[in-house]
Amino acid sequence: MDRVPSRSDLRPSIRRRGVGVMLLLCVASGAPARAATFTVNSLLDTTDGACASAAGGCTLREAIEAANGAAGRDAILFDRAVFPSAGFTDFITVNALPVITDPAGTVIDGEGATVRLNCSGSQHCFAFATAPGVPLAKVTVANLGVLNTTLAAIDVCGGGPPSCDADVSDVLIERVAVGSALGIRVEGGVVSKVRVADTIVSNSQGGIFIEGEDALLGTRVERSATHGAGGIYLLGEGGVAGVTIEDALALIDGIVVQSSADLAKVKIADATTFETIDSGARIIADGTTTGATITNVVASSFGQSGVQVAGAVNRGPTMRRIRTDRGGNGVALVGSTDGGKFQDLMMVVGNVGVAFLAAGTSVANAKITDVVSVANEVGVFVSGPANKFKNVTAVANVSGGIGVVSSGGGTVVEKSRAMANGGPGIALDAQGAAVKKNVALGNDGDLSDDDPSCGTNVWEKNAFRLGSAPCIR
Amino acid sequence: MHPLSHAIIIVVVTFAALSAADARAATFVVNTTADTSDDGECTTTPGGCSLREALVASNASSARDTIAFDPAVFPLGDPGVISLTTPLPLAFDPAGANLDGAGAGVVVQAGAVGAGVDGLVFSSGGFPLGSVRVANVTVRDFQGTAVVICGGNFPACANDVAKPVVENVHVSDTANAGVAIRGRAIGKARLTNVVASSHGESGIALDASGALVATRIEGCAVRDAGTPQNGAAGIQLTSPVAITGTSIANSVGIGNGGPAILVRSEGTLSNTKLTKVVATGNDGSGLVIGGVVAAAGLALADVVAVENEIQGVALFGGAMTGVGVKGLVANRNGGAGLRIAPSATLVGAKIADVRAVGNAEEGIDFLAGDVRGVQITRTVVAKNVGVGVRVRGSSNVLKRVRADANGAGIHLDAPGGGNVIEQCHAHGNDGVVGGAGIRVAAGNTGNVIRKNAAQINDGPNLADGNPDCAGNTWTDNFAVTNAACLD
C-alpha cells in the first residue's frame, strides 16, 4: 500500500484534511479488539433476525444484520462446506441487502469458498454507508463475485448517499469479480488508502470509480481490469496525491486520474487500453500536476488521446515506454509544461491529430528522446523553448515529421530522422535553435526554417535533399 | 565446407584486395546535370564531367574510385537533377566504387529511359564485388530498380558481394525494387537511412544465392513497395542456404504489398535481431522471419506490428532455439498477433512484456511442432477473436499473463505436459472458440495451474479435458469451477 502522501505533496487545505484522516486512523485502530466474525452457512435469502452457527442458521442477510448490530470491525465469512472452493457454481440469489453501516468498517471475505451473488436487479450488492458526517474506514471486500445490480455492485459511501461527503479510508477490494452491473464505487470527502487489486469488472456499464470530493490520497489500483463502460476513473475534486494504477486493462473506457485542483505523484504504469471511447490513459488536473508519470502503457484504438497529461501547469511529467495506435493524439501534453522526460514513445498509424502534442502555452526544458511516430497526421510537434529532441524518428506522417515552434532559445534537434512525410521533415519556427546530425529524406520538403536567413538558428551536418533556405546545412 | 565459412573467407579476401586497390583510387567529380558524353572524358572544366562520363572514367580505372558531385552544380537543399536520356553504363569494377553526394543535392531520375531499365548498377564482371558504397543521392522513376549492387556479371549476379553500403539514399517510384543487392554470398551489407517508397517489388532486397552474412539495416523506411499480387516485402532478405548475423533496427515498413520485413532462409537462420521496428498497414504480415531447416538466436525487441493483413509477427523454422520476443506490440492484425510455427521443435523461447490486442485470430499462438521450455511473462492478450494464448508442448511456463475478452483465454493444447500457469488472469472470454478462461486439453498432463484468476468467462473458467484432472494440479485459483478437481 502506498504511504499517505506527505504534507509537502498537498495544498494547505488538503493537508488539514489529511491530518484528520490520520487522527481517524488512530481512533479506528482500537476497534478490531471488539470485532466479531459471522459465518454465512446458508444459500437462502431469509432472515429470522439472528446469525446462528447451526447448519443453515446464518444467511448473508442475517450476517449483515448481525454485523450492523455489533460494534467494531466485524467479519463476514462463508462456510466452505456450504460454499465449497471447487466444483461449485451456484449463485446466491439475493434481493436488496441491508446497507452495511458500521463506521469502523466491515470485512466480507469469501476466501476458501466460492461466493457468487446474483443481486436480482437491486441497486447494490454491497452498500457501505455511514451516517451523515461520520467517516467510514476499513472496508474490505474480497474473494467473491457479484452481478446484476442497477448501480454499483459494491458501493462504499462515506456519510451515506446521496452526498457521500464524509471521509473514507483503508478500503480494500481484492479478488472481486463484477459482472452485469455498474462496477465498484468508493466515494467520500477525503478518500485515502484505497486499494483495489486482482479485480475484474466485466460486462458492465460501470467500472472502478473512486472519488474524494475533498481529496483522493494514497490510492492504488493494481492487477485489475474493466471490460465495460466507466473504465478506471479516480477523481479528487480538491486534489489528488499518491495515486498509482498499475498492471491494468481497460476496454471501452480508459484510465483517468483527475483532480479539480492540484495533483501530485500520480503514476499509471504497465497498463493496456483498447477501443476506448475517450482517451486511453489520462492524468488531468484543473490546477498543477507535479510528477505525473505514465510508463509502459499501450493504448490502441482510442477516441481522443492515447495517453495524456493535462494541467494548467505541468511540472516535470514523465512519459516513458508508451505505445499508441489508431486514435486521436497519440501522446498529448496539454497546458504549460516545464521540464519532463518523454522517452521511448512509439506512436503508430492513424492518429488523426498530432502524435505528440504540446498544446497550451508551452513546453519548456523537456527531454524528448527515442520517439517514433509513423503514419500520423503530424509526427511530433512541440511549442516552447529549450526542449531537447534526440533520436526522434518521424516516418510517413501526413502533414509533416518534426515541428518545433519556439520564441525562446535552447531548442536542440539532433540525431533524428524524418522520412517520407507528406510535409516538411523537420520544420522550425524558432530562434536560437540547433538542428544537427539529423537525416531528412523523401519528405515534401526535408528541412525548413521559417526564417529564410535562419535567424539565430544553426543547421549543421544534416543529411537531406530539399531545404527551404541556403543557410540550412 | 560450411557455407558460412565460405562466405566469411570471401569477405576477408575481398577486403584485403580492396585495401591494396584503394591506394590507386581516383575521385571523379560530376559537375553537370546534363546526361551527355560529349568527349567521353570526365574533366574538371565546368560542365566537363557528367555522371555518365564519371562512370566511364571510373570503369577505366582499376581501383575503387569515388564519384562525387560539385555542390555548386548540385546545391544542397536545391538539388541538381540528372535526367537520363539513355541507360547509364554499368559500373563494373570488382574493387567496387564509392558514389557519394555528400555536401551536395543530387537526384538521378529515369528521364527518357524506359521499360526494364535500372538506375545505378554496380557489378564486377565475373569476379566478386567489393565495397560498393552509394550515399547521399536520390534515385527515382526507373522502370527497373533504382540501385543495383550485383556480384559478378549483371544480371546473373553469381559472384560474392562484400561490404556493400547504402546510406542516406532516397529511392522512389520504380517498377521493380528500390535497392537490390544480389550475389552468391553477401557479407556485411550496411544499409543506413535508406528511404524507399512506391516500388513494384521490394523497397530493399538482399537476395543471396549463397549465404547472407552480417547484414545491418539501420534507420530505413520502406513504404508502398511490392504489390499485393507479387507479395513482395518492404525489406526482403533471402537465401537458399543460410542467413546469419542480421540486425535490423529503428526501421519502418508501411503499406507494402507483402510483409514489411521478410527474412527467410531456405536453410538455416541464426543470430537475427530486430529492434525498434514498426510494421503497419502491410498487405502481408508485419514481420515474417525464419529458417526452413532451423532458426536459432532470433531476438525481437520493441517491435510494433499493427493493422497488418495477416499476422503481426510470424516466426517459423524447422528446429527453433533461442527465440526471444520482448516488448512486442501486435494489435489489430488480420491474423494472430504473434504466431510461432516450428515445423519440428521449439526449445527455450522467452516472450516477455508483449501486448497483442484486437487481432482477428489468436493473440499469441504456437502452431504445430513440439514446443518446450517457453516462458511467457508479463504479457497482455485481449479482445482477440481466437484464443488469447495457445501453447502446446511441455515444460512451458506462463506467468503474469492476462488473457481477457478473447475468444478464449489460455489454452494448453495436447500433446504436452509439465507446464506451469501461475499468477495469470483470464476473464470475460466469450468467443466462438469456447470462451474458456484457462483450459488444459485432454492428453496434456502433469501441469501445475496455480494462483490464477479466471472469472466471468462464457465457457468454463477453468477446464481440464482429462478425466478428474488426472495428472494436473490446480490450486489456489480464484475461479468458479464445475469440477471438484479444479481449484
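Select B:C424. Its sulfur has its closest cysteine sulfur in B:C469, 17 Å away, which is too far for a bond. A disulfide here is a pair of cysteine sulfur atoms within 2.5 Å. B:C424 has 1% relative accessibility, so it counts as buried. Buried means under 20% relative accessible area, exposed over 50%, and partly exposed in between (1.4 Å probe, protein chains only).

This is a predicted model, where local features need pLDDT of at least 70 and side-chain atom pairs count only at pLDDT 80 or more, while totals for chains, interfaces and linings use all residues. Residues are numbered from 1 along each chain as its sequence is written, chains are lettered from A and ligands numbered from 1 in the order in which they are written, and side-chain values use heavy atoms, without hydrogens and water.

Stay in chain B and pick B:C220. It is buried too, at 1% relative accessible area.

Next, select B:C42 and B:C49. A disulfide joins them, S to S 2.0 Å. The angle about the S-S bond is -95°, a left-handed link. Both cysteines are buried. Counted in sequence order, the bonded cysteines of chain B pair 1-2, 3-4, 5-6.

Move to chain A. Its pattern is 1-2, 3-4, 5-6, 7-8. Select A:C119 and A:C125: their sulfur atoms are 1.7 Å apart in a disulfide. The S-S torsion is about 115°, so this disulfide is right-handed. Both ends are buried.

Last stop: A:C454 and A:C471, bonded at S to S 1.9 Å. This link is right-handed, with 75° about the S-S bond. A:C454 is buried at 1% relative accessibility, whereas A:C471 is partly exposed at 27%. Over all chains, the structure holds seven disulfides.
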